[in-house]
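Please keep the sequence and the 3D view open while going through this note. The points below can be checked one at a time.

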Amino acid sequence: MSEFVVRPATALDVRGIWDMLDPFVQRRILLGKDIVVLYESVQQFLVAEDESGRLIGCGALHVMWEDLGEVRTLIVLDEWLHHGVGRAIVEGLEENARALGLSRLFCLTFEVDFFTRRGFSPIGEQVVDPDVYSQLIRSPDEGVAEFLDLAHVKPNTLGNTRMLKQL
């Protein structure tokens, strides 16, 4: 395999992110996102590209609370699995999280071993105090609902593991 770089996404990357995301949505591994949502959140994304400039991976950092963020939409093209792309993206997202003052990262994943190697651990029900919970529950964001393990997202999250890392 050739070399790759990880960099902040630009608006010009959004269609490429959507193209990478769609097969995972079709396989029911990741939740779908409208392309407008990807444009609205492009500043949250890092992308990995190969030497030719082709996107080979991506991931996003979504801030949920003053100390808490979520790793979202982590994708690595199949032919680039086990070449350090996912690790490099997560490390970049962790660096961004620290720069924002976050001390914890959440993810909802089927890739438990990968995230365990990155220092994440499975979590139970209550990971925020009741006052924070009462604020988070007001969010219309599905990722926040997944973090809170709310019943209305359970059909979309069956088989996933909720994990947390202290930065």
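1. A nonpolar core is a set of buried Ala, Val, Leu, Ile, Met, Phe, Trp, Tyr and Cys residues joined through side-chain atoms within 4.5 Å. Buried here stands for under 20% relative accessible area. The model discussed is a predicted one.

2. With that term in hand, turn to the largest nonpolar core, which holds 34 residues. Those that touch the most other members are Ile17, Phe45, Cys58, Val71, Val85, Phe115 and Phe120.

3. Val71 deserves a separate look. Leaving aside residues up to four places away in sequence, Val71 touches Ala60, Leu93, Leu105, Phe106, Cys107, Phe115 and Phe120. There is also a second, separate core of 5 residues, and among its members are Met64, Leu68, Phe106 and Leu108.

4. Next comes the sheet. It is open, has 7 strands and mixed pairing, and its order reads E1-E2-E3-E4-E5-E7-E6. Strand E1 (4–8) and strand E6 (121–122) are at the edges; each has a single partner strand, so one side of each lacks a neighbour in the sheet.

5. One pairing can be followed in detail. Strand E5, residues 104–109, and strand E7, residues 161–166, are antiparallel partners joined over 6 bridges. Within this pair, Arg104 stands opposite Gln166 in E7.

6. Which strands does helix H1 touch as it packs on the sheet? Helix H1 (residues 14–26) touches strand E2 (45–50), strand E3 (55–65) and strand E4 (68–76). The direction of H1 makes about 90° with that of E3. Helix H3 (residues 85–99) lies across E1, E2, E3, E4, E5 and E7, and runs at about 30° to E3.

7. Thr73 is not a glycine, yet has a positive phi of about 50°. Thr73 is located in strand E4. Is this residue buried or exposed? The relative accessible area of Thr73 is 8%, so Thr73 is buried, the cut-off for that class being under 20%.

8. His82 is the other one: a positive phi of about 70°, again without being a glycine. His82 sits in the loop between E4 and H3. With a relative accessibility of 79%, His82 counts as exposed, because that class begins over 50%. Thus Thr73 in strand E4 is buried, whereas His82 in the loop is exposed.

Terms used:
Residues numbered from 1 in each chain as written. Predicted model: local features only at pLDDT ≥ 70, side-chain atom pairs only at ≥ 80, totals over all residues. Heavy atoms only, no water. Pairing = 2+ DSSP bridges. Helix = DSSP H or I, 4+ residues; strand = E, 2+ residues; numbered from the N terminus. Contact = heavy atoms within 4.5 Å. Axes fitted to C-alpha atoms, helices over the stretch in contact; angles between N-to-C directions. Buried < 20%, exposed > 50% of the residue type's maximum accessible area, 1.4 Å probe, protein only.
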